[in-house]
Amino acid sequence: MAQDDPVVSAQWLQQHLGQPDIKVLDASWYMPQESRDPWQEYKVAHIPGALFFDIDGIVDRTTDLPHMLPSEEAFAAAVSALGITNHDKVIVYDGKGFFSAPRVWWMFRVLGHNEVWVLDGGLPQWRASGYNLGSNCPDDTILKSKAANSAIQTTYNGELANASTFQTEFQPQLFWTLEKVKYNVAVQAHQLVDARSRGRFDGVEPEPRKGVRSGHIPGTKCVPFPEMFDGSPMLLPADELSKKFEQAGISLDHPIVVTCGSGVTACILALVWKSCLLFSNGAIDSTKQALTISVYRGSIELGSMIFQFTMDLGQNGKRSQILITQNLLALALKSTILKC
């Protein structure tokens with residue numbers, strides 16, 4: 001496992017599974033129309049020793065918008081309830097292979113924990129490799145997962161949770177404000193990239209959530225996240241991933257903003273972008289300098305993937321897109337890598 005590589009293989013995880021500093025999280029989440037229950041699926045089959053990370057539960061409880069990042073205190077309380085410390089290596093996977101796990105990867109990183117990776121190919125690849133599955137949940141694993149959600153609510157109720165074993169260090173440079181996004185639409189300093197399907201991007205397919213307008217932010221280019229994988233699904237080689245962006249007219253030498261529907265699949269492109277910029281034919285490109293990833297926290301659910309600049313932006317106070325941006329540390333440097 002390379003420190004800068006955002007993913008680990010099923011073989012690597014199998015060889016290191018059970019080590020005290022390796023913590024595995026099942027971060028499965030599915031779109032509402034799929035009618036799948038990730039918690040029930042976790043209880044039936046999961047990677048041995050994995051704990052369930054509830055994307056719908058470990059959130060900001062002050063809003064009804066989905067997947068809003070919780071406060072530092074709440075996140076620290078939830079992760080501590082899971083038994084994770086800052087010394088642990090966190091491996092995240094999901095039941096679809098490569099879907100919701102990158103969202104949790106991003107959550108840890110934006111709150112200061114860089115020792116986090118996504119399992120390439122997720123649970124499907126683990127199964128295909130013939131590795132053992134856990135088919136029952138010991139009481140302590142169920143209690144930890146439930147305790148994490150309870151810790152979130154306790155924190156937002158203004159009550160003291162149990163002493164935290166996990167300390168956060170919020171990375172403010174990883175967020176963009178609404179004002180920055182609006183300004184960027186005007187000046188186009190950053191490339192805008194949409195992770196949704198081309199039909200949703202073009203507005204010819206309906207959004208999966210009722211009341212959400214079709215279309216895209218003006219000036220955005222479309223790189224559908226499923227194109228990042230082979231049939232497994234596992235990440236394509238870095239050079240092929242780079243070509244996907246280049247074919248869409250996106251330069252790897254310029255900063256990028258990524259958007260999606262509710263703040264999940266955009267994180268896939270963030271992880272992919274990191275892989276593209278770091279690696280060439282499997283080797284770290286040491287000639288490149290660092291970029292950071294920023295996320296526009298206030299944008300996760302509006303009911304529209306379009307910034308409605310022709311309407312009253314304050315109409316209902318809700319925003320729908322997650323924006324992940326990479327800011328150049330030095331504009332004069334054209335050869336850059338992502339370090340987030």
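Predicted model: local features only at pLDDT ≥ 70, side-chain atom pairs only at ≥ 80, totals over all residues.
Reader: What makes a set of residues a nonpolar core, and which residues have the most contacts inside the largest?
Author: Membership requires a buried residue of a nonpolar kind, joined to others through side-chain atoms within 4.5 Å. The largest such core has 59 residues, and those with the most contacts inside it are F53, F75, F108 and F245. Elements that each supply at least two residues of this core include α3 (72-81), α4 (101-110), α6 (139-156) and β8 (256-259). The largest share, 10 residues, comes from α10.

Reader: Which residues are in contact with F53, leaving aside its neighbours within four places in sequence?
Author: Contact means heavy atoms within 4.5 Å. With those neighbours left aside, F53 is in contact with L25, D26, A27, I58, F75, L82, V104, M107 and F108.

Reader: Why is α3 called largely enclosed by the rest of the structure?
Author: 7 of the 10 residues of α3 are buried, so this helix is described as largely enclosed by the rest of the structure. The buried residues are A74, F75, A76, A77, A78, V79 and S80, and what covers them includes α4 and α6. After α3 comes G83, with a positive phi near 85 degrees.

Reader: What is the order of the 5 strands in the open sheet, and is the pairing parallel or antiparallel?
Author: The order is β1-β5-β4-β2-β3, and the pairing is parallel. β1 (7-8) and β3 (51-52) stand at the edges with a single partner strand each, so one side of each has no neighbour in the sheet.

Reader: How many bridges join β2 to β3?
Author: Pairing requires at least two bridges between strands. Strand β2 (residues 22-26) is joined to β3 by 2 bridges, and therefore the two strands count as paired. Within this pair, D26 stands opposite F52 in β3.

Reader: Which strands does α4 touch where it packs on the sheet?
Author: Helix α4 touches β2, β4 and β5, and its direction makes about 175 degrees with that of β5.

Conventions. Residues numbered from 1 in each chain as written. Heavy atoms only, no water. Buried < 20%, exposed > 50% of the residue type's maximum accessible area, 1.4 Å probe, protein only. Helix = DSSP H or I, 4+ residues; strand = E, 2+ residues; numbered from the N terminus. Axes fitted to C-alpha atoms, helices over the stretch in contact; angles between N-to-C directions.
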